[in-house]
Amino acid sequence: MGHGHGHATASAHHRKRLMIVLPLTLSVLVVQVVGAIMSGSLALLADAGHMATDGAGIALALFAIWIAGKPASARRTFGYQRAEILAAAVNAVLLLGLSGYILVEAVRRFADPEPVGGTIMMVTAAVGLVANGVGLWLLRDGKDESLNLKGAYLEVLGDLLGSVAVLTGAIVIQLTGWVAADALISIVIALLILPRTWKLLREAVDILLEATPRGVDLAEVRKHLLEAPGVTDVHDLHAWTITSGVPVMSAHVVVEEEALTRCGPLLDRLHECLAGHFDVEHSTLQLEPAGHVDHEGARHH
């Protein structure tokens, strides 16, 4: 029985567009880093960090499409799906460090302003604005068909807004000479990066620690399972996530003796309940008679 979701197919359909947007994003990232070094603009460096966040997001979207096609094996029964989560965690830690540096440096520059090359800053921001505009145009069709594509679209939109902010700061510096505008915009961009990066890290750590998936209430799951005819108890109920969008569940289900003789239809009903009410397509259920729990050794709730 397949466990794929429709949005994965839609993502694969638009993979070529993502493969164009990713190098475009990385190219702008390089341009912004070079521009930041040449102009001394902290805002450009902050926007480069913003681009790095979103470039990593697009790369993870492509990685998820690719990894979904990798077959499982006897050694890796879920394939390499969790590699996506490891990459996300590493990316989040690096970006938290970059955001912290930008905030500290921005505060220092408020107290001791440094010269900023407004012209280079303006040209670099304009390049980013154009490139992000092209990226939005490429992803516009897929954003309504796939959550993966919608996430990438919103990331590029965030980059475009960041470029607008840097361009605005460059114009202010050119017209007024107020170089503190660079530090101010740096703080704004860093504060935009922090919540998203923290959320990414928290979700990655939850998955690595096999926490119950967000939105899944195990008490409610137990209640639904107990409503099935013949079910008298549910224990050792666990739910975790393999990778983004792939929740799994296991449980020991105690049933009446008569129900054990027709376990096929009962299992079908229980699996349909978990898939329909909780979007858990992959579940492992052990049907057992009353009293069997006394022979199972260590128990879990």
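Buried, for this talk, means under 20% relative accessible area. Hello everyone, and please keep that cut-off in mind, because Thr 124 has a relative accessible area of 6% and is therefore buried. One caution before going on: what we have here is a predicted model.

Let me start with the whole protein. Ten helices and three strands make up its secondary structure. If you walk along the sequence, the pattern reads α-α-α-α-α-α-α-α-β-β-α-α-β. Of the 301 residues, 43% count as buried. And among contacts with a separation of 6 or more, residues 24 or more positions apart account for 73%.

Now back to our threonine. Where does Thr 124 sit? Thr 124 is found in helix H5. Leaving aside residues up to four places away in sequence, Thr 124 touches Val 31, Gln 32, Gly 35 and Leu 44. Gln 32 and Gly 35 are also among the buried residues of helix H2, and that brings us to the helix pair.

Helix H2 covers residues 15–39 and helix H5 covers residues 118–139; their axes come within 10 Å and cross at roughly 170°. That angle makes H2 roughly antiparallel to H5. Who makes the contact? On the H2 side the residues include Arg 17, Leu 18, Val 21, Leu 24, Val 28, Val 31, Gln 32 and Gly 35, while the H5 side includes Ile 120, Met 121, Thr 124, Val 127, Gly 128, Ala 131 and Trp 137. Sorted by class, this contact has 15 nonpolar, six polar and one charged residues.

Let's stay with H2 for a moment. Its 25 residues should span 36 Å at 1.5 Å a residue, and the end C-alpha atoms are 36 Å apart, which agrees. The buried residues of H2 are Leu 18, Val 21, Leu 22, Thr 25, Val 28, Leu 29, Gln 32, Gly 35, Ala 36 and Ser 39. Just after the helix, Gly 40 takes a positive phi of about 75°.

Another helix worth a look is H7, residues 180–208. This helix has 29 residues and reaches 42 Å from first C-alpha to last, close to the 42 Å expected. Just after H7, there is again a positive phi, this time of about 55° at Glu 210.

On to the strands. How is the sheet put together? Three strands form an open sheet in the order E1-E2-E3, with mixed pairing. E1 (231–241) and E3 (282–288) stand at the edges with a single partner strand each, so one side of each has no neighbour in the sheet. Ignoring direction, neighbouring strands are turned by 15° against each other on average.

Here is the pairing in detail. E1 and E2, residues 247–255, pair in the antiparallel sense over eight bridges. Along that pair, His 235 stands opposite His 252, His 238 opposite Ser 250, and Thr 241 opposite Pro 247. The hairpin of E1 and E2 has five residues between the strands, and Gly 245 takes a positive phi near 80° there. E2 and E3, by contrast, pair in the parallel sense over seven bridges, with Val 254 standing opposite Glu 288 in E3.

Is E2 enclosed or open? Nine of its nine residues are buried, so E2 is largely enclosed by the rest of the structure. Both faces are covered: on one side Pro 247, Met 249, Ala 251, Val 253 and Val 255 are buried, and on the other Val 248, Ser 250, His 252 and Val 254 are.

Helix H10, residues 263–278, lies across E1, E2 and E3, running at about 140° to E3.

To recap for anyone turning the model on screen: look at Thr 124 in H5, then at H2 running roughly antiparallel to H5, and then at E2, which is largely enclosed.

Terms used:
Residues are numbered from 1 along each chain as its sequence is written. This is a predicted model: local features need pLDDT of at least 70, side-chain atom pairs count only at pLDDT 80 or more; totals for chains, interfaces and linings use all residues. Side-chain values use heavy atoms; hydrogens and water are left out. Axes are lines fitted to C-alpha atoms, for helices over the stretch in contact, and angles run from 0 to 180 degrees between N-to-C directions. Helices (H or I, at least four residues) and strands (E, at least two) are DSSP runs, numbered from the N terminus. Angles under 35 degrees count as roughly parallel, over 145 as roughly antiparallel, 65 to 115 as roughly perpendicular and the rest as oblique. Contact means heavy atoms within 4.5 Å. Ala, Val, Leu, Ile, Met, Phe, Trp, Tyr, Cys and Pro count as nonpolar, Asp, Glu, Lys and Arg as charged, and the others, Gly among them, as polar. Two strands pair if DSSP finds at least two bridges between them. The expected span of a helix is 1.5 Å times one less than its number of residues. Buried means under 20% relative accessible area, exposed over 50%, partly exposed in between (1.4 Å probe, protein chains only).
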